[in-house]
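Colleague: I have not looked at this structure before. Could you take me through it?

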Amino acid sequence: MTTVHGLIEAREMTFTGYSYALIDDMAKREIRRALLKAVAVPGHQIPFGSREMPIARGWGTGGLQVTLSLLGPGDVVKVIDQGDDAGVNASNLRRLVEQMTGLDTTGATSEASVIQSRHRIPDERLNERQILVLQVPNPEPLRAVERSVAQAALMHAEQDYARMWLALYEDVVRRGEVSRGAGYPVMVNHRYVMTPSPIPRWDVPKLHQADALYLFGAGREKRVYAVPPHTDVVPLAFEDYPFHVEHFDGHACASCGSTSSYLEASPTDDGGLRYRCSDTAYCERVREGKETVQW
Amino acid sequence: MYTAVRGGAVAIQHAEDLIEQEVHGAHDPIATRQVQAQLPLLLDQVMGEGSLYDPALGAVAVRQAAGDPMEAGFLLRAYRTTLPRLGYSVAASSRSMRVVRRISSAFRDIPGGQLLGLTRDYGQRLVDLRLLEDADAPGSHGAAQDDVLANGSSPADDSGADESPQFPLVIDFLRDEGMLAARPEQPSEDEPFDVTREPVRYPAPRSARLQILARGETGAMLGMSYAGMRGYGAGGHGTIAELRQGALPIEITHPVTGRPARIGWLPVTECHFVAGGEATLRSPRADYSMGYGVVTGRNERKAISMAQLDMGLKRGAGSGNLLDDQEFVLSHIEPVDAMGFVEHLKLPHYVTFQSSMQRSARLRALTNAARNQAHEAAGAHSH
């Protein structure tokens, strides 16, 4: 039988004095129970007793608590920040997961059982054996129209989204379209308005009727929520002002040539722009000529 | 004993003796140079809020205040009063900064490149238990930081400084693209408003706003900025186009030749915070605007908070939100005013309290009398 003691022994790390996967077992149980609730009520925010982590609040502590409470023997972990495995924050989180669990980590999307991400859903399609954990800065989609958490909870309970719709309408009047960039609000399972975390609109359709489980962790705001597999997730839009994803005017990735992935533009020394894949694992796979399964 | 009338002088003397014992009587006293070398971030915060960039004096203030940053900043502010204002420097541009750290949250690649430099951002906040045992052992005396940031000491070889690479600003790209309003041709004021010499009236000119923010208390600014990001102000989330640390060359107009002459280098942290949403269908213009933060020394938390608050003050004027209101923000981040007034509650208020107690007693007498009267009237009725 697997015991915590056995796991600590097996991780073969010098971090004596630290529990397996850092968080104490009672806290992990509490987080997992909150996650079960979240899966049972898709899109609904579940409060949990978010703990102080050895990284700063707002830098992924919610996602990290979700990830660490899920991990066990056999898991393979991938950590990305803005789609990039090598980013400093992703590297730091991955290092912590490795130190505290002794588990294998990977850059390959298809090899991972748990993927922790900030602001992106990978451009390679996720399958039914995978969990994507998204870091969430602000779990409350109604924040822009109602700053009180207590009031917003009441609006969710009564499914009163009138002010949200009004804000979208005002946006159309002022700017000619719903001008939300990342973190576009969605209706989950025809019941709750949810923020998908600040992923680009490009990634929003990947939430709808997906094979994988999406878990969202907001450490500072002490909330988790979920989109279970095969759930309807519909962006809020008007019939005459439909939802659009980002477009790149026909530009291709300067590294791999892809035109079907999310691209980031960066200024160059000569005052121009260079486009590159945000998902570096996907980009690498395309460059290596390997097959990729896209959404 | 807390006695205001008799024995006051003696009590004060005793308190001072206790301070003397705390500061000078320590078993293993730290030298001011150790404060400079080993508590540089505390020192930078104190000098910034104290509005006086002098590492030696700042270190003394830290020691004298037993590590209380506000008390130490207060000491510097009070010392500042003894100094004359000799003149203003020429406006310094961060294009000529000697950069030791430079990041952008807006673009992965930026001309000149990102430079992570010295930061604790990506470290793990695990208490390093080795320090328990090593506390007395001599550390490794590695040169951790470019001397330019080591408490503001001037670069040893001043001539070489001009050859260090200069980095273009990320906001220049946004301006070229027309996303951010162009730089004004002329600065809006010839000389900065000096809040230490003239009382501020609201609405305050921009130079006064920036000066007050730059002298503000780090914690108070952080709290307000955080609230602003959580929906209570117009500053919002925004994006850091660029955050840089380094040393700015400080020049004055030479009194004889009239040409700019460099008199030294000032370590600073600077933040360009941008957010879109300014333009509408009916008023097309640059969609992004910028909040600006700059503080002396290394204090990114404050520089970012400053830029975020500046954004709110610019963008939310008239919104009705307290955090977009100049008077509310600028008055209450002022450390000396805030700590002084809140802590004056410790002063004796015997006279005022007596006066208000009499009012309460009088009210109680009046309500009792009214109640008795009503009671008697009711009693008379029932008979």
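Predicted model: local features only at pLDDT ≥ 70, side-chain atom pairs only at ≥ 80, totals over all residues.

Colleague: Which are the buried residues of H2(A)?

Modeller: They are A:Lys28, A:Ile31, A:Ala34, A:Leu35 and A:Ala38. These residues lie on the same side of H2(A), because they cover an arc of only 125° around the axis.

Colleague: And which residues are exposed on the other side of H2(A)?

Modeller: On that other side, A:Asp25, A:Met26, A:Arg29, A:Leu36 and A:Ala40 are exposed.

Colleague: What span should the 16 residues of H2(A) have?

Modeller: At 1.5 Å a residue, helix H2 (residues 25-40) of chain A should span 22 Å. The end C-alpha atoms of this helix are 23 Å apart, which agrees.

Colleague: Let us step back to the whole of chain A. How many helices and strands does the secondary structure come to?

Modeller: Chain A has 7 helices and 12 strands. Its radius of gyration is 20 Å, close to the 19 Å that the globule rule gives for 295 residues, so chain A is as compact as a globular protein of that length. The C-alpha trace of chain A spans about 60 × 50 × 35 Å along its principal axes.

Colleague: What percentage of the residues in chain A is buried?

Modeller: Buried residues make up 43% of the 295 residues in chain A. As for contacts in chain A with a separation of 6 or more, 62% of them are accounted for by residues 24 or more positions apart.

Colleague: What does the domain assignment give for chain A?

Modeller: The assignment gives domain 1 (4-141 + 184-235) and domain 2 (248-290). Taken over C-alpha atoms, the centres of domain 1 of chain A and domain 2 of chain A are separated by 26 Å. Their contact takes 14 residues from domain 1 of chain A and 7 residues from domain 2 of chain A. On the side of domain 1 of chain A that touches domain 2 of chain A, the residues divide into 5 nonpolar, 4 polar and 5 charged.

Colleague: Where is A:Leu236 found?

Modeller: A:Leu236 is in the loop between strand S10 (233-235) and strand S11 (263-267) of chain A. A:Leu236 counts as partly exposed, because it has 18 C-beta neighbours inside 10 Å; a residue counts as buried at 20 or more.

Colleague: Which residues does A:Leu236 touch?

Modeller: Not counting residues up to four places away in sequence, A:Leu236 touches A:Leu168, A:Pro185, A:Val186, A:Met187 and A:Val193.

Colleague: What about H13(B): how many of its 33 residues are buried?

Modeller: The number buried is 0, so H13(B) lies largely in the open. At 1.5 Å a residue, helix H13 (residues 350-382) of chain B should span 48 Å, and its end C-alpha atoms are 47 Å apart, which agrees.

Technical notes:
Residues numbered from 1 in each chain as written. Chains lettered and ligands numbered in written order. Helix = DSSP H or I, 4+ residues; strand = E, 2+ residues; numbered from the N terminus. Rg over C-alpha atoms; globule rule 2.2 N^0.38 Å. Buried ≥ 20, exposed ≤ 12 C-beta atoms within 10 Å, placed from the backbone. Contact = placed C-beta atoms within 7 Å. Domains from an automatic or database assignment. Nonpolar A, V, L, I, M, F, W, Y, C, P; charged D, E, K, R; others polar. Expected span 1.5 Å × (residues − 1). Arc of directions from axis to C-beta.
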